[in-house]
Amino acid sequence: MYYKTHHIKLSEVDTFSIGKGRHFVVVWSGELPLGHVWITSPENVTDKIRAAIQPALSYYNERGSSLVPAGKAVRLSVVICTRHRPQSLHTCLRSLLVGPDTNFELIVVDNAPGNDETLQVTRRFPQVRYVREERKGLDIARNTGARTATGDIIAYTDDDVSIPHNWITNLKACFADPLVMAVTGLVIPLSLDTRAQYIFEKKWGFNKGYLPRRFNHKYFLDNLEYGVPAWDIGAGANMAFRKEAFQLAGFFDERLDVGASGCSGDSEMWHRILAEGWDCHYVPELYVFHEHRDTMAGLRKQLFGYMRGHVSALLVQHENYQHPGELKRLQEGLPHYYRQRLLSWIKGNREEYIRHIITEIRGCKSGVRFYKAHQHLQRQDIHAFPSLLFQPVDISAESLVSVIIPCYNHGHYLRQAIDSALGQSYAHMEVIVVDDGSSDDTAAICREYGERLQYVYVSRVGLSAARNIGVQHSHGDFVIFLDADDYLFRGATEINLFYFRHYPHLAFVSGAHDRVNAGGELIAAMYQCGEGYLSLLQGNFIGMEGCILYRRDLFFYFHFDTKLKACEDYDLNLKITRLLPSFHHKEKIAAYRIHDGNMSGNRQMMLELAREVLNRQIPVLSNEAERIALETGQQNWETYYETA
């Protein structure tokens with residue numbers, strides 16, 4: 001036994017003693033993990049343990065648990081992807097199903113099986129849904145699980161993991177905050193009997209610490225220069241996602257992980273979630289036990305795959321968002337890291353292993369080659385279009401309308417926007433202000449309204465992400481997106497709901513607007529006739545996002561694209577009207593304020609983005625009329641911005 005593992009209670013710390021040898025000690029307060037310590041000497045054991053657990057003790061004494069019991073029933077699906085490990089799978093399933101909460105869907109994805117041994121194991125557990133996926137690859141299997149799952153939360157664990165009895169209950173308590181799209185948890189080694197298991201846990205382990213940690217868009221921005229270390233968020237053996245995450249950020253990239261590049265499909269997914277403006281939450285109270293590989297040959301194979309996948313993921317992340325930090329980490333950071341490791345080995349560091357260093361470097365080089373060979377296989381997210389969007393919208397006299405107001409340093413206009421939403425002639429309104437990292441008095445203004453509005457603060461995610469986040473916080477049957485420098489006319493909501501009542505199959509209703517100056521004085525009344533996809537291809541006849549009333553269930557099948565600095569509403573409405581009907585009318589809905597801070601004042605940028613949005617439609621055009629309309633639109637945008 002290389003290291004003997006001990007699990008002790010907090011009350012036992014002062015009396016715990018060990019003999020000679022190597023020991024790994026994990027301390028618990030009830031079912032709360034507090035810390036661990038590596039001990040190779042029987043001296044000062046209590047002091048060493050106390051030092052290891054003090055940060056967690058202080059945190060939980062001050063803040064309490066980070067788990068928030070769900071206010072309503074949570075529909076949870078657990079997905080286990082497996083291949084030819086029937087014994088491990090049986091142990092994992094048994095541990096999952098002995099807990100007190102059995103109200104969850106359990107899916108086993110059998111990945112490219114060469115026999116029926118996995119099927120035979122699942123037949124012993126009638127609660128399990130067995131899904132066979134013929135294509136080999138962990139991320140392929142994960143995506144199959146996500147598409148199969150019916151839960152609102154989709155959790156993943158591995159077949160070599162042992163699940164504690166409270167895991168399901170704790171999982172359901174991790175998603176109270178609508179900003180959180182992904183959750184990870186603590187992974188504790190089941191045993192450290194061999195040197196290979198010790199090396200993995202000490203240098204590569206999945207344990208990310210005993211303190212909860214929130215990863216948000218600010219963390220993403222703070223690390224952009226040198227590549228966002230998304231692998232610090234957690235481990236794929238213990239992770240969960242809102243189902244909407246796959247609509248907002250896409251599915252796992254199938255070029256990564258086992259069966260493909262080697263690994264990092266999970267961290268690349270977390271990278272995208274952060275990039276899109278959402279949060280990932282690491283929760284140590286959500287813990288599992290993992291059986292590490294026990295041979296040095298198995299460890300070296302694992303390390304090769306880790307670095308191969310890591311490098312591939314860096315290149316995929318750069319491909320997705322074009323941030324130079326990933327290339328900087330690859331071209332400068334990794335060479336420096338391995339030079340330091342080699343130097344440490346030369347100087348006699350017994351914790352360094354030359355065969356491991358060489359294996360990892362080989363993995364890095366292989367990752368570059370793999371990415372170049374598979375670069376053309378970019379992720380194609382295929383979503384099943386929800387049939388409910390073809391059904392008529394249900395409108396009652398008490399249907400709730402949510403007004404989402406993103407605000408970035410527009411506090412001087414914000415009161416008028418809020419008052420216009422709260423002052424609607426239609427009574428059933430909720431107002432959500434998404435403060436996009438403002439440094440002005442936006443927060444103070446929102447506090448003046450108390451419970452009349454919901455205030456959400458995020459760290460400078462941009463307009464598209466702020467709108468998407470607002471939807472997640474909303475509860476309405478319908479949604480209006482009102483910019484903080486614009487305002488609604490008093491009867492706006494009633495007018496658009498009137499048309500929805502007459503045409504309940506619509507995706508959205510839009511109306512006319514006024515253009516006003518910074519002081520609110522009328523510049524011009526704006527109305528362009530148009531209807532649906534063909535008209536939008538020829539130009540954005542709607543002209544102002546605040547004039548639109550959407551049915552909320554459009555989201556999250558559709559969402560604002562965070563990669564677009566402008567024209568994101570034009571892009572969204574093209575996507576919607578290509579598939580669903582809309583209606584445009586002449587009645588005035590809102591006022592669009594023209595001032596020095598308008599993004600639309602940058603004509604060159606707006607023209608380039610309008611072109612990009614239209615170019616995105618080229619692959620999905622289905623007939624000659626649409627192709628002609630798009631060509632007309634391209635010319636119309638050129639003319640508009642040349643003469644504007």
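Colleague: How many aromatic pairs does the count come to?

Modeller: The count comes to 37 aromatic pairs. The rule is that rings of Phe, Tyr and Trp (its six-membered ring) pair if their centres lie within 6.5 Å; planes under 30 degrees apart count as stacked, over 60 as edge-to-face and the rest as tilted. In phenylalanine 200 and phenylalanine 206 the ring centres are 5.3 Å apart and the planes stand at 80°, so this pair is edge-to-face. Phenylalanine 498 and tyrosine 499 are also an edge-to-face pair, with 5.2 Å from centre to centre and 80° between the planes.

A word on the source: this is a predicted model, in which local features need pLDDT of at least 70 and side-chain atom pairs count only at pLDDT 80 or more, while totals for chains, interfaces and linings use all residues. Residues are numbered from 1 along each chain as its sequence is written, and side-chain values use heavy atoms, with hydrogens and water left out.

Colleague: Which residues form one aromatic cluster, and which residue lies over the face of tyrosine 2?

Modeller: The cluster is made up of Tyr2, Tyr3, Phe24, Trp38 and Tyr198. A charge sits over a ring if NZ of Lys or CZ of Arg is within 6 Å of the ring centre and within 35 degrees of the ring normal. Arginine 22 lies over the face of tyrosine 2, 4.0 Å from the ring centre. Elsewhere, arginine 460 has its charged end over the ring of tyrosine 408, at 3.5 Å from the centre.

Colleague: Which residues of H13 are buried?

Modeller: An α-helix has 3.6 residues a turn, so residues three or four places apart point the same way. In H13 the buried residues are Gly411, Tyr413, Leu414, Ala417, Ile418, Ser420 and Ala421. Down the axis of H13 they fall within an arc of 160° (taken from the directions from the helix axis to the C-beta atoms), so they line one face of the helix. With contact meaning heavy atoms within 4.5 Å, they pack against several elements, including strand E13 (401-407), strand E14 (429-436) and helix H14 (442-448).

Colleague: What about strand E5?

Modeller: In E5 (residues 105-111), 7 of its 7 residues are buried. One side holds Glu105, Ile107, Val109 and Asn111, the other Leu106, Val108 and Asp110, and both faces are covered. Two strands pair if DSSP finds at least two bridges between them; strand E4 (residues 76-82) and E5 pair in the parallel sense over 6 bridges. Cysteine 81 has valine 109 in E5 as its bridge partner.

Colleague: Where is serine 264 found, and what is its phi?

Modeller: Serine 264 is in the loop between helix H8 (244-248) and helix H9 (265-275). Its phi is near 80°, a positive value in a residue other than glycine. Serine 264 is buried at 9% relative accessibility, and histidine 310 touches it.

How values were computed
Buried < 20%, exposed > 50% of the residue type's maximum accessible area, 1.4 Å probe, protein only. Helix = DSSP H or I, 4+ residues; strand = E, 2+ residues; numbered from the N terminus.
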